[in-house]
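Student: Please take a close look at one part of this model, the place where its two chains meet. What does each side bring to it?

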Amino acid sequence: MRKILVVVERSRGALDETAFELHSAAKELGEPAVAAVLMGEDLAAPKAELVRWFDEVHVFEDPRLAQPDGDFQARLLAPFVQREQPLATLVPHTNTGMELAPMLAARVDAPLIADAVTMEVAGETAGGHVRALRMVLAGKVQARVSATGGPCGVILSVRPGAFTPLDRPPEAGGTVHSEAVPADVSPRRRFVETVTPDPSAVDISQAEVLVAVGRGIEDEENLDEVRSLAEAMGAEVACTRPVVDKKWLEKSRQVGTSGVTVKPRVYLALGISGSFQHMGGIKGGPFIAAINKDPAAPIFDVADVGVVGDILDLVPLLEEKIRERKT
Amino acid sequence: MRSSWNARWPEHPAEQSVDAKALTERELMEIIVCIKRVPDVSEIEVELARDGRSIVTRDLDYDVNEWDNFAIEAAVQLKEAQGARVTAITVGDDDSEDVLRRALAMGVDDAVHLMDPAFEGSDAWGLATILHRAIADRPRDLVLTGAISADQARGQVGGMLAAMLDIPMVALVTDLAVEGGTTTVRHEVEGGLERIEQVDLPALLTVQTGMNEPRYVSIRGIRKVAKAEIPVLTAVDLGLDPATIGTGAVRVTEEGVSLPTRGGGGQILSGSADEVIAGLVDRLQQQGGF
């Protein structure tokens with residue numbers, strides 16, 4: 001039976017949580033063997049961990065793989081996938097995965113389902129017909145998609161957080177296979193440095209209470225109302241990506257997968273639609289309160305309490321009531 | 001390492017001469033920006049069409065994809081700073097001409113409209129195939145795309161196009177400079193960090209939002225380019241077999257759409273503004289919000 005390949009990612013040397021999420025995702029595709037693909041250098045520890053989870057662990061250990069480089073990864077994995085002929089290859093839909101998946105798909109001539117949140121094998125497993133759900137149009141619509149794989153199967157990039165890892169490793173006792181980077185493949189990108197965050201920047205990651213603002217703020221001037229509300233609550237101001245893109249607040253205040261991960265007790269979301277990129281940065285299950293004028297905003301699906309209305313009207317009122325209550 | 005599209009769609013003979021002529025031998029850097037017209041759904045309640053396969057598009061506003069707008073600005077800034085010829089390309093119907101005119105108004109030199117009924121319904125693979133054919137036989141030092149599009153949010157076309165052109169690619173670029181035949185880019189990586197890397201041209205970069213401040217496009221600016229000629233290229237012009245693109249050739253079939261299941265959410269407060277805010281204050285206080 002054709003196996004399933006899972007490309008695992010490391011963050012700061014350790015295995016990324018998506019490795020175990022994709023292990024769970026692979027199990028949605030039936031009972032084939034699941035093989036992890038690990039790339040990097042100094043891999044003893046992640047290798048030892050992965051054999052407890054996966055039936056096979058294929059290891060590309062090479063100093064040139066120390067830094068994630070989706071372009072290099074796609075070119076070295078293409079002949080490997082062609083040799084393995086898997087039913088499916090799962091890639092985390094992370095920043096590097098977004099480089100790797102489309103380039104690998106084009107190189108091995110396989111269909112790619114991007115950013116899948118569910119997956120299943122339709123009909124006969126042998127046919128390699130995979131169905132999945134994915135979100136389109138700013139998360140407001142979900143699309144049912146399907147693809148039939150050829151010799152190299154189907155490639156799926158999987159949304160981080162969409163699948164829940166097992167509580168403990170299944171003690172799979174996987175076999176380790178050393179793989180070599182093909183002689184004719186070498187990196188085309190040269191790593192210069194990782195940008196060090198400004199040490200003087202505000203640190204919202206430790207804040208207990210966050211007042212976060214999104215696109216609904218409409219104008220930079222309106223931020224004063226939000227700052228004033230945060231001050232009344234003894235909270236820090238946080239925001240979504242569009243507010244940083246407009247240069248209205250510092251990058252260090254951006255919550256999300258491309259910003260800061262926070263774990264507050266209370267999260268007040270003002271004019272925030274609730275995209276997964278933003279919500280992905282909120283950990284620890286805080287109490288979430290949301291105000292948004294769009295009743296269909298996804299934030300209301302995850303909020304503990306919601307108000308449908310315009311933050312520009314309601315924020316001053318909220319501040320006033322909170323100041324009254326505190327006296 | 002040659003992949004199968006090359007076997008099925010032979011390289012255009014002109015491509016070799018392009019590759020052979022490096023940037024240093026040409027007067028001007030050639031930048032190609034791939035852009036797309038998309039609906040803006042940020043403020044609206046999406047309605048499904050009766051067939052369950054699409055959404056009602058009647059009342060939607062369309063504009064250039066937000067990520068692509070940053071890509072256009074990046075290209076125009078490079079042109080202004082050090083000289084370049086910038087070409088904007090889109091695959092789309094008649095209406096897509098708007099985003100090309102908008103790009104011209106921002107300072108792009110040329111626009112190319114890839115339009116053919118055979119292109120309709122193309123998936124990411126199909127779009128990359130069409131763009132590949134249009135770009136492969138042009139001079140191109142830098143190819144820019146948006147990192148994702150606001151409608152399909154696949155983030156695939158740039159990577160597929162780079163692989164088809166067999167040029168290096170970096171995703172989610174937040175800053176870029178070009179010196180000699182090399183680009184130095186800053187791009188987003190895991191954990192909210194950014195990395196700086198260098199790549200020799202030609203290269204493809206996918207642009208993240210916030211990279212720059214896209215210039216305002218006035219109605220007057222659009223009027224100025226109203227008469228600019230925008231060549232339309234069809235499948236035949238590109239030498240594309242219609243059987244390899246469009247609805248009939250999709251790799252990934254969209255079987256239907258639905259609205260995400262609601263619920264799991266908490267209480268939505270109702271009443272007057274004073275009442276809902278009083279209720280919200282209660283809940284925030286109970287939870288230690290102040």
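Tutor: Two residues are in contact if their C-beta atoms, placed from the backbone, lie within 7 Å. By that test, 72 residues of chain B are in contact with 82 residues of chain A. The model is predicted: local features need pLDDT of at least 70, side-chain atom pairs count only at pLDDT 80 or more, and totals for chains, interfaces and linings use all residues. Residues are numbered from 1 along each chain as its sequence is written, with chains lettered from A and ligands numbered from 1 in the order in which they are written.

Helices (H or I, at least four residues) and strands (E, at least two) are DSSP runs, numbered from the N terminus. H9(B) gives the most to chain B's side, with nine residues. That side divides into 34 nonpolar, 23 polar and 15 charged residues. Ala, Val, Leu, Ile, Met, Phe, Trp, Tyr, Cys and Pro count as nonpolar, Asp, Glu, Lys and Arg as charged, and the others, Gly among them, as polar.

Now the helices. The axes of H9(A) (residues 311-326) and H9(B) (residues 273-286) come within 10 Å and cross at roughly 55°. Axes are lines fitted to C-alpha atoms, for helices over the stretch in contact, and angles run from 0 to 180 degrees between N-to-C directions. Residues making this contact include Leu314(A) and Leu317(A) of H9(A), and Ile277(B) and Val281(B) of H9(B). The contact's residues divide into nine nonpolar, one polar and three charged.

Strands meet too. S12 of chain A (residues 189-195) and S9(B) run antiparallel, joined by six bridges. There, Arg189(A) stands opposite Val199(B).

Conventions
Two strands pair if DSSP finds at least two bridges between them.
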